Amino acid sequence: MPVPKKNNRPQPPDSCVSDASARRQEFTPEGADKYDRKYLIDPGYAVREIAGEYIAVPVEVSSASPPQTVLLNETGYFLWTLLQQETTYKNLIHRMTDEFEVSADEAEKDVDEFLSCLEKYNLLETRTEGTK
């Protein structure tokens, strides 16, 4: 899987889901501060590269509901790969600032947008740190 090049300004994650209404929302998980949570992407999705685009597709499709496909830009793809293993909000911010030429504030805004998109479409599992 390709990795974004160091020192590139990431694209804003406005194409994390194919619905623009999910943009520019601050991520605020219910019941706990976002810093006290661990995050994991829905394991029922796999990312495919098709014609230079990254698209997350459901591994299994049910006839009861149409499949939700997720279009990922470079930033979204980077965050998606991190979220394939349980991780913290702080780690996502840290990895964004290490990988891209962005401030912590910019990274936090991008992470908030992406997590909001994932949460809106029920593609994100969260739990409070210290619980299993």
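What follows is a conversation about a sheet, a helix packed on it and one aspartate in a predicted model.

Trainee: Why is aspartate 112 called buried?

Mentor: Aspartate 112, which is found in helix 3 (residues 104-120), has a relative accessible area of 7%; buried means under 20%, so aspartate 112 is buried.

Trainee: What makes the link between the side chains of aspartate 112 and lysine 34 a polar contact?

Mentor: The side chains are joined at 3.1 Å, and the cut-off asks for a pair of N or O atoms within 3.5 Å, one able to donate a hydrogen and the other to accept it, so the link counts as a polar contact. Along the chain aspartate 112 and lysine 34 are 78 residues apart, while their C-alpha atoms are separated by 9.4 Å.

Trainee: How do you know that strand 3 and strand 4 pair?

Mentor: Three bridges join strand 3 (residues 53-58) to strand 4, and pairing requires at least two bridges, therefore these strands, which run antiparallel, are paired. Isoleucine 55, for instance, has leucine 71 in strand 4 as its bridge partner.

Trainee: What makes strand 2 and strand 4 the edge strands of the sheet?

Mentor: The sheet is open, with three strands in the order 2-3-4 and antiparallel pairing; strand 2 (45-50) and strand 4 (70-72) each pair on one side only, and that makes them the edge strands. Neighbouring strands of this sheet are turned by 30 degrees against each other on average, with direction ignored.

Trainee: Which strands does helix 1 touch where it packs on the sheet?

Mentor: Helix 1 (residues 74-82) touches strand 2, strand 3 and strand 4, and its direction makes about 110 degrees with that of strand 4.

Terms used
Residues are numbered from 1 along each chain as its sequence is written. This is a predicted model: local features need pLDDT of at least 70, side-chain atom pairs count only at pLDDT 80 or more; totals for chains, interfaces and linings use all residues. Side-chain values use heavy atoms; hydrogens and water are left out. Helices (H or I, at least four residues) and strands (E, at least two) are DSSP runs, numbered from the N terminus. Axes are lines fitted to C-alpha atoms, for helices over the stretch in contact, and angles run from 0 to 180 degrees between N-to-C directions. Contact means heavy atoms within 4.5 Å. Buried means under 20% relative accessible area, exposed over 50%, partly exposed in between (1.4 Å probe, protein chains only).
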